[in-house]
Amino acid sequence: MIENASLQALLRNRRLLLGYSQEFIAFALDTSQARISRIEKGSVSITFEELRLLLPLLKIEYLDLLQKKSVTRPLQKDSIIQELFKELNHLRAINQELTTLLKRFTPNRILQ
């Protein structure tokens, strides 16, 4: 298994490579940005559950991590663009759902 210091550096470097903010990672893991910062600095340990959620987000295979295979290989530009469009479409769907709920539960006089 990869050592803690290496894991911290790997997670931070991969996050930066993908262009993800700590806030984005924190939202995906349902935690705070401060916790992500502390994990990357090594002040706190990452939990198994956090790691389980984080690896797919950072496009890291669990077995590669265990076998110390290179997980810092460059990502294809097209795959990053595809992932961004998927995320954008997901966010649009959420926005539409929230708008629908807001219209349903908000009195008409407030929306006008």
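## Cavity, pocket and core in a predicted model

Sorted by class, the lining of the largest cavity holds seven nonpolar, no polar and two charged residues. Here Ala, Val, Leu, Ile, Met, Phe, Trp, Tyr, Cys and Pro count as nonpolar, Asp, Glu, Lys and Arg as charged, and the others, Gly among them, as polar. The model is predicted, so local features need pLDDT of at least 70 and side-chain atom pairs pLDDT 80 or more, while totals for chains, interfaces and linings use all residues. Residues are numbered from 1 along each chain as its sequence is written, and side-chain values use heavy atoms, with hydrogens and water left out.

On a 1 Å grid over the protein atoms alone, a cavity is a set of points where a 1.4 Å probe fits but cannot get out, and a pocket is an open set with protein on both sides within 12 Å along at least five of seven lines; lining residues have an atom within 4 Å of a point. Points are joined across faces, edges and corners, and a volume is the space filled by probe spheres set on them. Helices are DSSP runs (H or I, at least four residues), numbered from the N terminus.

| Space | Volume | Element giving the most to the lining |
|---|---|---|
| Largest cavity | about 70 Å³ | α3, three residues |
| Largest pocket | about 210 Å³ | α6, five residues |

The cavity is lined by Leu-11, Arg-15, Ile-25, Ile-36, Ile-39, Glu-40, Ile-46, Leu-54 and Leu-58. Two or more of these residues come from each of α1 and α3 (33-41).

Eleven residues line the largest pocket, and Tyr-20, Phe-24, Glu-83, Leu-84 and Glu-87 lie nearest its centre. Its lining divides into seven nonpolar, no polar and four charged residues.

Now for the packing. Beyond neighbours within four places in sequence, Leu-58 is in contact (heavy atoms within 4.5 Å) with Leu-11, Arg-14, Arg-15, Leu-18, Tyr-20 and Ile-25.

In α4, the buried residues (under 20% relative accessible area, against over 50% for exposed and partly exposed in between, with a 1.4 Å probe and protein chains only) are Glu-50, Leu-51, Leu-54, Leu-55 and Leu-57. Down the axis of α4 they fall within an arc of 155°, so they line one face of the helix; the arc is that of the directions from the helix axis to the C-beta atoms. Exposed Phe-48 and Pro-56 sit on the face of α4 turned away from its buried side.
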